[in-house]
Amino acid sequence: MLVNMNDVLFPAKKNKYAVGLFNAVNLELARGIMGAAESMRAPVIIGTAEVLFPYGPLEEVSYYLIPMAKKADVPVVVHLDHGLKKETCLKALELGFSSIMYDCSTDSYEDNVKKVKEMADIAHSYGATIEAELGHVGDNEGSDEGEPRDVHNDTHYTDPKMAKDFVEKTGIDALAIAVGTAHGAYTLPPKLDFERIRAIANTVDIPLVLHGGSGLTDADFKRAIQEGISKVNIFTDINVAAVEAELKKFSSVKKGIIDLIPAAVEAVKQETVKKMKLFSSDGKALSYHING
C-alpha cells in the first residue's frame, strides 16, 4: 500500500523504532528491498535521490517504484531524497511520489526556511509529506551526495533551538539532523552526538531523520533510535552487498547478467532484513491509512 511518511514515522516515533529509507536506482535493488519488507512485515521507505539520477532517471524509477508500492501488502512510502532543485521536487510529486525531501541545507537559514515553506505547502496539496535538513550532514570521500566535509565539524551540527523555529516556520513533516554522520563509506568511525539527538527530539514534535546511516555500529543505531531517531537512510550497505554477491557468482564460472540478477536481489534483501531487525521495524506493518 502506498502511504506517506506521516503514516509510518509517527507510529515509529511513538513506539521507539525506526523505519529505513533504502534507495533503489534499479529493479534489482527495488525487488530486494520490497522482498525484505514483505517477509519482515515491516513498513518501508523506498526511493532515490537527485544525485543518483545518472544511474536511474527519476521518471524511469517511478515506473516501477510506485506500482510496486501500491501492490505491496505492507506500508510503502515512495520518497525523493535530497531533492536539490524546486523543479525536481515538483516533478516527483507530479509522478506520484508520496514524499519528498527538499534539501536547502547549504543555503542561508532564512533562504532554507523560505524555500522549504513554499515546497511544504505544495507537497501537502498533493497529499504528500516533506522532509528538510537543518545543519549539514557530512560527506565522506567518494560519496554520491557531494563534496567531502569534515564529519566531526560541529559547526555544521543542528542547533536544537533553531530546529524548533525551523519546524514551526516551515510546516515540514520530518527533520533531517546533522549529529556526526556522513554520506558514503566511512574511512574513520563516526562519533554521534547522542545528547544533541535527545535535545532536538525533546524540542520538536515531528520525527527526526538520520542520514549517512551505512557504516554505523549496531550500538550506534540502537542508541540513536532510543534518543529520538525515527527514520534512517541506508544506501551504501545495500549497494555494496549487491555487487559483492554478483562478483562472487561471476567468479565461480562465466555467467550472464540473468545469472547475476537473482544473487543481487537476494543479497539486497538479506542486508535490508538485517537493518529492519536492527531498527525494530520488523512486524510493525499494522493498519495504516492508504493514500489515494
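**Salt bridges and ring contacts in a predicted model**

Modeller: This is a predicted model, and the structure holds 16 salt bridges.

Biologist: Where in the chain do K85 and E50 lie?

Modeller: K85 is in the loop between β4 (76-83) and α4 (86-95), and E50 is in the loop between β3 (44-49) and α3 (58-71), so their pairing ties together parts 35 residues apart in sequence. Their side chains meet in a salt bridge at 2.3 Å, N to O.

Biologist: Is E50 buried or exposed?

Modeller: E50 is buried, at 8% relative accessible area. K85 is partly exposed, at 44%.

Biologist: What about E168 and K164, how are they placed in helix α6?

Modeller: They sit 4 residues apart there, about one helical turn. The closest N and O atoms of this salt bridge are 3.1 Å apart. E168 is exposed at 55%, while K164 is partly exposed at 38%.

Biologist: Which residues are linked in a network of salt bridges?

Modeller: E195, R198, R223 and E227.

Biologist: Switching to rings. How many aromatic pairs?

Modeller: The count is 2. In the pair of Y109 and F166, the ring centres are 6.1 Å apart and the planes are at 50°, so the pair is tilted. F166 is buried, at 0% relative accessibility.

Biologist: And what sits over the ring of Y17?

Modeller: The charged end of K284, 5.0 Å from the ring centre.

Technical notes. Residues are numbered from 1 along each chain as its sequence is written. This is a predicted model: local features need pLDDT of at least 70, side-chain atom pairs count only at pLDDT 80 or more; totals for chains, interfaces and linings use all residues. Side-chain values use heavy atoms; hydrogens and water are left out. Rings of Phe, Tyr and Trp (its six-membered ring) pair if their centres lie within 6.5 Å; planes under 30 degrees apart count as stacked, over 60 as edge-to-face and the rest as tilted. Buried means under 20% relative accessible area, exposed over 50%, partly exposed in between (1.4 Å probe, protein chains only). A charge sits over a ring if NZ of Lys or CZ of Arg is within 6 Å of the ring centre and within 35 degrees of the ring normal. A salt bridge is a side-chain nitrogen of Lys or Arg within 4 Å of a carboxyl oxygen of Asp or Glu. Helices (H or I, at least four residues) and strands (E, at least two) are DSSP runs, numbered from the N terminus.
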